[in-house]
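Let's take a friendly walk through this structure, one feature at a time. Please have the viewer open as you read.

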Amino acid sequence: MNTTAPGPETPRQEGALRGELRLFFTALQFFTRVPVPAWVGWSAAQLNASARHFPSVGWVVGAVVGAVLWGATQLWTPGVAAWLAIAAGVLLTGAFHEDGLADSCDGFGGGWQRDQVLAIMKDSRVGSYATLGVVITLGLKAQLLSLLAERAWGLAPLLCVTIAAHTLSRWGVLWVMARLDYVREDALSKSKPIAQGIGRGPLLFASVVALLPAALLGLPGLSAAVSAALVAWFAIRYLRRRLGGYVGDALGATQQITELVVLLSLLSVPPAVAQLSRFP
(Lines give C-alpha, C1' and ligand atoms only; values in the text may rest on other atoms or scores of the structure.)
Protein backbone atom coordinates (compact mmCIF):
# COMPACT_ATOMS: atom_id res chain seq x y z
CA MET A 1 0.00 0.00 0.00
CA ASN A 2 1.43 3.36 -1.01
CA THR A 3 1.24 6.29 1.39
CA THR A 4 0.87 9.85 0.21
CA ALA A 5 -0.05 13.19 1.66
CA PRO A 6 -3.58 13.53 3.05
CA GLY A 7 -6.14 14.55 0.46
CA PRO A 8 -9.79 15.57 0.46
CA GLU A 9 -12.20 13.12 1.99
CA THR A 10 -14.73 13.26 -0.84
CA PRO A 11 -14.69 14.47 -4.45
CA ARG A 12 -17.70 16.77 -3.97
CA GLN A 13 -15.83 20.02 -4.52
CA GLU A 14 -13.97 18.93 -7.64
CA GLY A 15 -15.01 17.93 -11.11
CA ALA A 16 -16.84 14.63 -11.43
CA LEU A 17 -14.22 13.09 -13.73
CA ARG A 18 -11.30 14.18 -11.57
CA GLY A 19 -13.16 13.00 -8.49
CA GLU A 20 -13.71 9.53 -9.93
CA LEU A 21 -10.10 9.41 -11.08
CA ARG A 22 -9.03 10.27 -7.54
CA LEU A 23 -11.13 7.41 -6.16
CA PHE A 24 -9.75 4.99 -8.75
CA PHE A 25 -6.19 5.94 -7.84
CA THR A 26 -7.10 5.59 -4.15
CA ALA A 27 -8.21 2.00 -4.72
CA LEU A 28 -5.17 1.36 -6.89
CA GLN A 29 -2.72 2.55 -4.25
CA PHE A 30 -4.43 0.50 -1.54
CA PHE A 31 -4.47 -2.80 -3.44
CA THR A 32 -1.28 -2.51 -5.49
CA ARG A 33 2.20 -1.05 -5.41
CA VAL A 34 1.60 1.10 -8.48
CA PRO A 35 2.75 4.70 -7.82
CA VAL A 36 -0.07 7.25 -7.99
CA PRO A 37 0.07 11.06 -8.37
CA ALA A 38 0.65 13.03 -5.17
CA TRP A 39 -2.58 15.00 -5.63
CA VAL A 40 -4.59 11.82 -5.00
CA GLY A 41 -3.92 11.94 -1.25
CA TRP A 42 -5.57 9.59 1.21
CA SER A 43 -8.26 9.54 3.89
CA ALA A 44 -10.49 6.91 5.42
CA ALA A 45 -13.63 8.35 3.83
CA GLN A 46 -11.89 8.57 0.47
CA LEU A 47 -10.88 4.91 0.68
CA ASN A 48 -14.41 3.91 1.63
CA ALA A 49 -15.82 5.80 -1.36
CA SER A 50 -13.32 4.08 -3.67
CA ALA A 51 -14.88 0.64 -3.10
CA ARG A 52 -16.76 0.83 -6.40
CA HIS A 53 -13.42 0.89 -8.21
CA PHE A 54 -12.19 -2.44 -6.83
CA PRO A 55 -13.10 -4.25 -10.10
CA SER A 56 -11.35 -1.44 -11.97
CA VAL A 57 -8.15 -2.38 -10.16
CA GLY A 58 -8.79 -5.89 -11.48
CA TRP A 59 -8.53 -4.48 -15.01
CA VAL A 60 -5.01 -3.25 -14.25
CA VAL A 61 -3.79 -6.38 -12.48
CA GLY A 62 -5.45 -8.71 -14.99
CA ALA A 63 -3.95 -6.80 -17.92
CA VAL A 64 -0.45 -7.05 -16.47
CA VAL A 65 -0.84 -10.78 -15.76
CA GLY A 66 -2.19 -11.42 -19.25
CA ALA A 67 0.50 -9.36 -20.97
CA VAL A 68 3.29 -11.12 -19.06
CA LEU A 69 1.73 -14.51 -19.82
CA TRP A 70 1.54 -13.78 -23.54
CA GLY A 71 5.00 -12.21 -23.70
CA ALA A 72 6.66 -15.01 -21.77
CA THR A 73 5.18 -17.67 -24.05
CA GLN A 74 7.13 -16.10 -26.91
CA LEU A 75 10.36 -17.06 -25.13
CA TRP A 76 9.67 -19.99 -22.82
CA THR A 77 7.31 -22.90 -22.25
CA PRO A 78 3.69 -22.28 -21.16
CA GLY A 79 4.52 -23.61 -17.68
CA VAL A 80 7.33 -21.10 -17.19
CA ALA A 81 5.16 -18.33 -18.64
CA ALA A 82 2.35 -19.16 -16.21
CA TRP A 83 4.57 -18.89 -13.17
CA LEU A 84 6.11 -15.65 -14.43
CA ALA A 85 2.60 -14.23 -14.90
CA ILE A 86 1.67 -15.23 -11.35
CA ALA A 87 4.89 -13.69 -10.04
CA ALA A 88 4.08 -10.45 -11.86
CA GLY A 89 0.65 -10.34 -10.22
CA VAL A 90 2.10 -11.03 -6.77
CA LEU A 91 4.73 -8.33 -7.19
CA LEU A 92 2.15 -5.85 -8.45
CA THR A 93 -0.19 -6.38 -5.49
CA GLY A 94 2.42 -7.04 -2.85
CA ALA A 95 0.80 -10.45 -2.19
CA PHE A 96 -2.04 -8.51 -0.57
CA HIS A 97 -4.74 -11.10 -1.29
CA GLU A 98 -2.46 -14.12 -0.93
CA ASP A 99 -1.66 -12.96 2.60
CA GLY A 100 -5.39 -12.88 3.39
CA LEU A 101 -5.79 -16.36 1.97
CA ALA A 102 -2.93 -17.68 4.12
CA ASP A 103 -4.31 -16.11 7.30
CA SER A 104 -7.81 -17.38 6.53
CA CYS A 105 -6.57 -20.94 5.96
CA ASP A 106 -4.80 -20.90 9.32
CA GLY A 107 -7.71 -19.22 11.08
CA PHE A 108 -10.55 -21.36 9.79
CA GLY A 109 -8.43 -24.50 9.71
CA GLY A 110 -7.07 -24.20 13.24
CA GLY A 111 -9.86 -22.39 15.08
CA TRP A 112 -13.27 -23.68 16.09
CA GLN A 113 -14.75 -20.74 17.96
CA ARG A 114 -15.12 -17.25 16.51
CA ASP A 115 -12.58 -15.70 18.86
CA GLN A 116 -10.09 -18.47 18.14
CA VAL A 117 -10.38 -17.90 14.38
CA LEU A 118 -9.88 -14.15 14.71
CA ALA A 119 -6.92 -14.57 17.06
CA ILE A 120 -5.16 -17.03 14.74
CA MET A 121 -5.71 -14.72 11.78
CA LYS A 122 -3.91 -11.91 13.64
CA ASP A 123 -0.94 -14.15 14.42
CA SER A 124 1.92 -13.30 12.06
CA ARG A 125 3.27 -16.86 12.11
CA VAL A 126 2.53 -19.09 9.11
CA GLY A 127 1.04 -22.49 9.85
CA SER A 128 0.61 -25.67 7.84
CA TYR A 129 -2.91 -24.74 6.71
CA ALA A 130 -1.64 -21.43 5.31
CA THR A 131 1.26 -23.07 3.50
CA LEU A 132 -0.91 -25.76 1.96
CA GLY A 133 -3.67 -23.33 1.02
CA VAL A 134 -1.38 -20.91 -0.80
CA VAL A 135 0.67 -23.64 -2.51
CA ILE A 136 -2.43 -25.47 -3.76
CA THR A 137 -4.11 -22.27 -4.94
CA LEU A 138 -1.06 -20.90 -6.77
CA GLY A 139 -0.27 -24.33 -8.20
CA LEU A 140 -3.76 -24.71 -9.63
CA LYS A 141 -3.68 -21.19 -11.07
CA ALA A 142 -0.31 -21.94 -12.67
CA GLN A 143 -1.73 -25.07 -14.30
CA LEU A 144 -4.74 -23.17 -15.62
CA LEU A 145 -2.68 -20.26 -16.96
CA SER A 146 -0.34 -22.76 -18.58
CA LEU A 147 -3.33 -24.40 -20.27
CA LEU A 148 -4.51 -20.99 -21.39
CA ALA A 149 -1.10 -20.23 -22.89
CA GLU A 150 -0.94 -23.63 -24.63
CA ARG A 151 -4.12 -22.89 -26.54
CA ALA A 152 -2.28 -19.92 -28.09
CA TRP A 153 -5.31 -17.78 -28.90
CA GLY A 154 -3.27 -14.58 -29.02
CA LEU A 155 -2.91 -11.48 -26.86
CA ALA A 156 -6.53 -10.23 -27.01
CA PRO A 157 -8.23 -13.39 -25.66
CA LEU A 158 -5.50 -13.92 -23.08
CA LEU A 159 -6.07 -10.41 -21.77
CA CYS A 160 -9.83 -10.88 -21.79
CA VAL A 161 -9.59 -14.08 -19.73
CA THR A 162 -7.10 -12.76 -17.16
CA ILE A 163 -8.93 -9.44 -16.80
CA ALA A 164 -12.26 -11.25 -16.35
CA ALA A 165 -10.73 -13.44 -13.64
CA HIS A 166 -9.44 -10.44 -11.70
CA THR A 167 -12.48 -8.19 -12.13
CA LEU A 168 -15.00 -10.90 -11.23
CA SER A 169 -12.99 -11.94 -8.18
CA ARG A 170 -13.02 -8.38 -6.84
CA TRP A 171 -16.71 -8.08 -7.70
CA GLY A 172 -17.38 -11.08 -5.46
CA VAL A 173 -15.53 -9.34 -2.62
CA LEU A 174 -17.83 -6.34 -2.94
CA TRP A 175 -20.90 -8.55 -2.53
CA VAL A 176 -19.45 -9.98 0.67
CA MET A 177 -18.88 -6.45 1.95
CA ALA A 178 -22.38 -5.37 0.91
CA ARG A 179 -24.16 -8.24 2.65
CA LEU A 180 -22.12 -8.61 5.86
CA ASP A 181 -20.84 -6.38 8.66
CA TYR A 182 -17.21 -5.91 9.55
CA VAL A 183 -16.58 -7.76 12.79
CA ARG A 184 -13.02 -7.07 13.91
CA GLU A 185 -12.80 -4.48 16.68
CA ASP A 186 -9.31 -3.33 15.72
CA ALA A 187 -8.95 0.36 14.95
CA LEU A 188 -5.59 -0.30 13.27
CA SER A 189 -6.97 -2.76 10.72
CA LYS A 190 -6.15 -1.77 7.15
CA SER A 191 -9.58 -2.96 5.99
CA LYS A 192 -11.66 -1.00 8.47
CA PRO A 193 -11.86 2.22 6.35
CA ILE A 194 -13.56 0.27 3.53
CA ALA A 195 -15.95 -1.55 5.84
CA GLN A 196 -18.64 1.13 6.00
CA GLY A 197 -21.11 -0.42 3.58
CA ILE A 198 -21.67 -0.12 -0.18
CA GLY A 199 -24.70 1.56 -1.71
CA ARG A 200 -26.70 0.26 -4.66
CA GLY A 201 -25.31 2.87 -7.07
CA PRO A 202 -21.63 2.06 -6.44
CA LEU A 203 -22.43 -1.66 -6.52
CA LEU A 204 -24.16 -1.29 -9.88
CA PHE A 205 -21.21 0.67 -11.27
CA ALA A 206 -18.78 -1.98 -10.02
CA SER A 207 -20.94 -4.74 -11.51
CA VAL A 208 -20.82 -3.17 -14.98
CA VAL A 209 -17.04 -2.77 -14.79
CA ALA A 210 -16.60 -6.34 -13.54
CA LEU A 211 -18.98 -8.06 -15.96
CA LEU A 212 -17.84 -6.34 -19.16
CA PRO A 213 -14.77 -8.57 -19.78
CA ALA A 214 -16.86 -11.66 -19.09
CA ALA A 215 -19.55 -10.45 -21.51
CA LEU A 216 -16.95 -10.27 -24.27
CA LEU A 217 -16.24 -13.98 -23.78
CA GLY A 218 -19.79 -15.09 -24.56
CA LEU A 219 -21.00 -18.34 -22.99
CA PRO A 220 -17.73 -19.05 -21.12
CA GLY A 221 -17.93 -15.56 -19.66
CA LEU A 222 -21.51 -16.13 -18.52
CA SER A 223 -20.43 -19.35 -16.84
CA ALA A 224 -17.58 -17.49 -15.13
CA ALA A 225 -19.89 -14.74 -13.86
CA VAL A 226 -22.32 -17.29 -12.43
CA SER A 227 -19.41 -19.13 -10.81
CA ALA A 228 -18.15 -15.91 -9.20
CA ALA A 229 -21.64 -15.16 -7.88
CA LEU A 230 -21.88 -18.66 -6.39
CA VAL A 231 -18.53 -18.31 -4.63
CA ALA A 232 -19.66 -14.97 -3.18
CA TRP A 233 -22.94 -16.54 -2.04
CA PHE A 234 -21.09 -19.40 -0.36
CA ALA A 235 -18.58 -17.01 1.25
CA ILE A 236 -21.39 -14.88 2.67
CA ARG A 237 -23.12 -17.89 4.20
CA TYR A 238 -19.89 -19.39 5.54
CA LEU A 239 -18.58 -16.14 7.04
CA ARG A 240 -21.94 -15.34 8.60
CA ARG A 241 -22.00 -18.75 10.27
CA ARG A 242 -18.36 -18.80 11.42
CA LEU A 243 -17.73 -15.15 12.25
CA GLY A 244 -21.04 -13.31 12.10
CA GLY A 245 -19.51 -11.05 9.45
CA TYR A 246 -16.24 -10.55 7.59
CA VAL A 247 -12.68 -9.40 8.18
CA GLY A 248 -10.05 -8.21 5.72
CA ASP A 249 -8.29 -11.57 5.56
CA ALA A 250 -11.55 -13.24 4.54
CA LEU A 251 -11.90 -10.77 1.68
CA GLY A 252 -8.43 -11.71 0.43
CA ALA A 253 -9.32 -15.38 0.59
CA THR A 254 -12.59 -14.72 -1.25
CA GLN A 255 -10.72 -12.92 -4.03
CA GLN A 256 -8.18 -15.71 -4.45
CA ILE A 257 -10.74 -18.52 -4.44
CA THR A 258 -13.04 -16.66 -6.82
CA GLU A 259 -10.19 -15.96 -9.23
CA LEU A 260 -9.32 -19.66 -9.24
CA VAL A 261 -12.93 -20.75 -9.74
CA VAL A 262 -13.42 -18.26 -12.57
CA LEU A 263 -10.37 -19.63 -14.40
CA LEU A 264 -11.64 -23.17 -13.88
CA SER A 265 -15.00 -22.16 -15.29
CA LEU A 266 -13.61 -20.28 -18.28
CA LEU A 267 -11.39 -23.17 -19.31
CA SER A 268 -13.92 -25.94 -18.77
CA VAL A 269 -16.94 -24.80 -20.81
CA PRO A 270 -16.94 -26.82 -24.09
CA PRO A 271 -17.67 -23.88 -26.43
CA ALA A 272 -14.79 -21.89 -24.93
CA VAL A 273 -12.33 -22.58 -27.76
CA ALA A 274 -14.82 -21.61 -30.45
CA GLN A 275 -15.87 -18.46 -28.59
CA LEU A 276 -12.33 -17.27 -27.85
CA SER A 277 -11.05 -18.13 -31.32
CA ARG A 278 -13.12 -15.27 -32.70
CA PHE A 279 -10.59 -12.82 -31.29
CA PRO A 280 -7.98 -11.52 -33.75
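## How two helices meet

At what angle do H5 and helix H6 (residues 114–122) pack, and how far apart are their axes? The angle is about 150 degrees, and the axes are 8 Å apart. Please keep in mind that this is a predicted model. Where they cross, H5 passes H6 in a right-handed manner. On the H5 side the contact involves Asp103, Ser104, Asp106, Gly107, Phe108 and Gly110, which meet Val117, Ile120 and Met121 in H6.

A second pair to look at is helix H8 (residues 155–179) with helix H10 (residues 219–242), packed at an angle of about 35 degrees with axes 9 Å apart. Here too the crossing of H8 over H10 is right-handed. The residues in H8 that take part include Leu168, Trp171 and Trp175, while those in H10 include Ala224, Ala228, Ile236 and Leu239.

## The overall picture

The protein has 12 helices and 0 strands. Of its 280 residues, 51% are buried. Among contacts with a separation of 6 or more, 81% are between residues 24 or more positions apart. The accessible surface comes to about 12900 Å², and carbon and sulfur atoms account for 65% of that area.

## Along helix H5

Most residues other than glycine have a negative phi. Alanine 95, although not a glycine, has a positive phi of about 55 degrees. With a relative accessible area of 23%, alanine 95 is partly exposed.

Histidine 97 is in helix H5 (residues 96–110). Is histidine 97 buried or exposed? It counts as buried because its relative accessibility is 7%, under the 20% cut-off. Leaving aside residues up to four places away in sequence, histidine 97 touches Phe31, Arg170, Gly252, Ala253, Gln255 and Gln256. Aspartate 103, also placed in helix H5, counts as buried at 14% relative accessibility.

## Salt bridges

Side chains of opposite charge can pair when their charged atoms come close. How many salt bridges does a search of the whole structure find? It finds 4. One of them joins lysine 141 and glutamate 259, with the closest N and O atoms 3.4 Å apart. This pair links distant parts of the chain: lysine 141 is in helix H7 (residues 128–150) and glutamate 259 is in helix H11 (residues 248–266), 118 residues apart. Lysine 141 is buried, at 4% relative accessible area, and glutamate 259 is buried as well, at 6%.

Another salt bridge brings together the side chains of aspartate 123 and arginine 125, at 2.6 Å from N to O. Aspartate 123 is partly exposed at 26% relative accessibility, whereas arginine 125 is exposed at 65%. Aspartate 115 and arginine 114 also meet in a salt bridge, at 3.5 Å from N to O. Aspartate 115 is exposed at 57%, and arginine 114 is partly exposed at 33%.

## A nonpolar patch on the surface

Which residues form a nonpolar patch on the surface? They are Leu75, Trp76, Val80 and Leu84, and together they have about 400 Å² of accessible area. Valine 80 lies in helix H4 (residues 78–93). At 38% relative accessibility, valine 80 counts as partly exposed.

Conventions: Residues are numbered from 1 along each chain as its sequence is written. This is a predicted model: local features need pLDDT of at least 70, side-chain atom pairs count only at pLDDT 80 or more; totals for chains, interfaces and linings use all residues. Side-chain values use heavy atoms; hydrogens and water are left out. Patches are made of residues with over 30% relative accessible area and no salt bridge: like charges are joined within 9 Å, nonpolar side chains (Val, Leu, Ile, Met, Phe, Trp, Tyr) within 5 Å. Accessible areas come from the Shrake-Rupley method with a 1.4 Å probe; for residues, only the protein chains shown count as cover. Helices (H or I, at least four residues) and strands (E, at least two) are DSSP runs, numbered from the N terminus. Buried means under 20% relative accessible area, exposed over 50%, partly exposed in between (1.4 Å probe, protein chains only). Axes are lines fitted to C-alpha atoms, for helices over the stretch in contact, and angles run from 0 to 180 degrees between N-to-C directions. A crossing is left-handed if the near helix is turned anticlockwise from the far one by less than a right angle, and right-handed if clockwise. Contact means heavy atoms within 4.5 Å.
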